[in-house]
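I opened my notebook for a structure that was new to me.

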Amino acid sequence: MTTTLFIGGIGMQEVLLIALVVLLFFGGKKIPELMKGLGKGVRSFKEGMNDIEKDIKDTRDTADEEKK
């Protein structure tokens, strides 16, 4: 019984194998540091996206005020 978890058809066995390989390459002490760095990167990306959305909204509001 094969259950796919992701779009690419990766099953539970493949996920466990990948996790084992990552654990072997980086060791147990490095993984939390890697996840912390990944979290900071995702947070920074989201903040950047929010800033862009805010800039677009401000530009749109300014353009609407100039039309009046």
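Is Asp-51 buried, partly exposed or exposed? I looked up its relative accessible area and got 48%, so Asp-51 is partly exposed. My cut-offs were these: buried is under 20% relative accessible area, exposed is over 50%, and partly exposed is in between (1.4 Å probe, protein chains only).

I noted what I was working with: this is a predicted model, where local features need pLDDT of at least 70, side-chain atom pairs count only at pLDDT 80 or more, and totals for chains, interfaces and linings use all residues. Residues are numbered from 1 along each chain as its sequence is written, and side-chain values use heavy atoms, with hydrogens and water left out.

Next came the overall picture. I found one helix and zero strands in the protein. I took both as DSSP runs, numbered from the N terminus (helices: H or I, at least four residues; strands: E, at least two). Helix H1 covers residues 12–67, and Asp-51 is found there. The protein has 68 residues, and 1% of them count as buried. I put its accessible surface at about 6500 Å², with 64% belonging to carbon and sulfur atoms. The areas come from the Shrake-Rupley method with a 1.4 Å probe; for residues, only the protein chains shown count as cover.

Then I searched the whole structure for salt bridges and found two. The term needs a side-chain nitrogen of Lys or Arg within 4 Å of a carboxyl oxygen of Asp or Glu.

- Lys-30 pairs with Glu-33, with the closest N and O atoms 3.5 Å apart. Both lie in helix H1, three residues apart, about one turn of the helix. I list Lys-30 as partly exposed, because its relative accessible area is 44%.
- Lys-57 meets Asp-61 at 3.6 Å, N to O. Both sit in helix H1, four residues apart, again about one turn. Lys-57 is partly exposed at 48%, and Asp-61 is partly exposed at 32%.

Last, I went back to Asp-51. Which residues form a negative surface patch with Asp-51? I wrote down Glu-47, Asp-55 and Asp-58. Patch residues have over 30% relative accessible area and no salt bridge, and like charges are joined within 9 Å.

Methods
Patches are made of residues with over 30% relative accessible area and no salt bridge: like charges are joined within 9 Å, nonpolar side chains (Val, Leu, Ile, Met, Phe, Trp, Tyr) within 5 Å. Lys and Arg count as positive and Asp and Glu as negative; His and the chain ends are not counted. The place of a charge is taken as NZ of Lys, CZ of Arg, CG of Asp or CD of Glu.
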